[in-house]
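Student: I have a new structure open and would like to learn how to read it. Could we go through it together?

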Amino acid sequence: MSSFLNIAGVSKRYGDVQALNNVSIDIRENEFFALLGPSGCGKTTLLRALAGLESLDSGVVTLANEDLLSVPANKRPVNLMFQSYALFPHLNVYDNVAYGLRREKLDKTEIDQRVHDVLKTVALIDQKDRRPSQLSGGQKQRVALARAIVKRPKILLLDEPLSALDKKVRSEMQLELKRLQHEAGITFIIVTHDQEEAMSIADRIALMDKGVVVQIATPVEMYSAPKTKFVADFIGTSNLFAGTLGSGTITVQGKSLPTPVTALSAGAKAVLVLRPEDISLGIAGTISGTLVSSNFYGGSSLLFFDCGFEQLVKVSCALNQVPPVGSTCHLSWSASDSILLADA
Amino acid sequence: MALAVKSEGRDAIKRRALLSRAVFLVPGLTYITAFMLIPLGFIIAYTFLSRGTYGGIEFIFTAENYTRALDSLYLGVLIKSILIASTTTILAFLIGFPVAYAITKLPTNRQNLLLVLIVLPFWTNFLIRTYAWIVLLNTQGFLNKGLINMGVISQPLELLYKPSAIVLGLLYAYIPLMILPIYSALVRIDPAMKEAAINLGATPAQAFRQVTLPLALPGVLVGAIFVFVPSVGNFIVPELLGGGKTIMVGNLIRDQFLKARDWPFGSVLALSMVIMLLMLFFIQARVNRRVLGDARA
């Protein structure tokens, strides 16, 4: 598929801080794309630059092969849903949603039609005369969404759209966003620091750290084949063992662990990544340890073992198989399930 | 039994909460009652009584004070006062809004410095500051001398003792009261509001007019009342800069009490001012609710 939004070599510096460092991302049409990363990684700066609210020092951004950066902010076919929602408190729901269409000088009947349609889509037609101050958090969020999509942008940018909502409403809204994205046929770019959210909602993710794109991949790829230690650590839960490579083994804090097939040469510094669900408990195993605590997560539990490493080893375990705390267990895994990464 | 004890305990808690609220309200309520409501009651009572020969009042009921207030002479003074105060208020807005807006665009420490500078004149006596304008504006004053020396004018300008001088004096005195509330309204607007408007297709000018300005309106109204109220009732500035030629309602009220010794009529004039100000506050509260919605809902 051809590139729709092409971000090439984009950089931005604020004083001493390099907010964006030579960032290049290709985003496809109708894609649900997530910019993921810890706070201060540059994801919001990039989003605001796409909306024209922030200028860039260098780099090129094209949308459908046309230069985007030379288009003034109020003329870009790009709408942003603000983290604070930024609903106009002096206007009711209807006028908030109609605001953007009125700026396009569309005729009244068309505006009315489109506002009604979108308010039906987000199930807020009964609240159309309410002021933002009279709405719940979830309703405000839906007004903000309606106000952005009613413009039929080529790209919808969402800045931490769900962070202000409580957990239950958030997962409902995740589904809602996916459905809307599908129905509207709009390219969505979401900024989030919540890896679970990015994983569950996005088609592809760009993981950023300190102004640099670390990896661009689908959620499954990113989970199963992290490119760096940062990715392995940020995405999902994992056990990271840093050590020195031998032949077929890695020496971690004096203990030798088996490694998968690798191109790295013996003697190199490396990190062995082991996901909790790839480790099983048994009578015999690669390492043994004492169960320190177990955290219950509904269907399964996350167990913490003291195996003589500096860090506790995390193992996920079916609920009915959790051993008593304090008992000694053997931990085993297949070396091919583990991931070996060079340690910079 | 246990339940009864429990509900009794809850009542006690409720009672204590009410009591503590009352304790905090007492000083304020006492003040307002003693220095506002009771005097206002006297004023209202005076309006229906007759004047005493040497000031004070006589307990003879009459409505004549009210009919007298409708005399074109006094109505004219009232209208002139309102015109002067309105002009002052509008000018204060036109000058004060850009100033307040510009201050919000500066770094925070600069903002605080400028706000202090704006309030600074209040630390000097009001009378002295008003006298200073006489020194500046009279025919032998700094301004006229300066302009003559520069060759801009040959004859000194008559700047003092006319309505425009009063407006200038009031404007100078009360413009900080316009700037501060507008500033505080502007600074509280989420910057994302304007960005959202631009993102939705508004030009910066439209974003300002349709979003920033309406959201600052409550501050503008507070500022307008803060400027209008002391201006309309002012008697020092018209006396000093108006040269007594332009009598405003403040002078009139003072004269009724201190010179004409007609307390009942002075009371009618004072009451009419109070009613006018109450109406202004009422309008302001309504606009506030319109702009901000019922935020407590």
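Predicted model: local features only at pLDDT ≥ 70, side-chain atom pairs only at ≥ 80, totals over all residues.

Student: What share of residues 165-186 of chain B is helix?

Tutor: Let's start with the ends of that span: their C-alpha atoms lie 31 Å apart.

Student: Is chain B spread out or compact?

Tutor: Chain B has 12 helices and two strands. For its 297 residues the globule rule gives 19 Å, but the radius of gyration is 25 Å, well over that value, so chain B is more spread out than a compact globule. Along the principal axes, its C-alpha atoms fill a box of roughly 95 × 70 × 35 Å. The word you asked for is therefore: spread out.

Student: Which element of chain A gives the most to the side that touches chain B?

Tutor: Across this interface, 22 residues of chain A are in contact with 21 residues of chain B. Strand S6 (78-81) and helix H2 (93-103) of chain A each supply at least two residues to that side. The one giving the most, with three residues, is H2(A).

Student: How many residues of that side of chain A are nonpolar?

Tutor: Set aside the seven polar and five charged residues there. The nonpolar residues number 10.

Student: And how far apart are the centres of the two domains of chain A?

Tutor: The domain assignment gives domain 1 (5-224) and domain 2 (237-342). Taken over C-alpha atoms, their centres are separated by 39 Å.

Key: Residues numbered from 1 in each chain as written. Chains lettered and ligands numbered in written order. Helix = DSSP H or I, 4+ residues; strand = E, 2+ residues; numbered from the N terminus. Contact = placed C-beta atoms within 7 Å. Nonpolar A, V, L, I, M, F, W, Y, C, P; charged D, E, K, R; others polar. Domains from an automatic or database assignment. Rg over C-alpha atoms; globule rule 2.2 N^0.38 Å.
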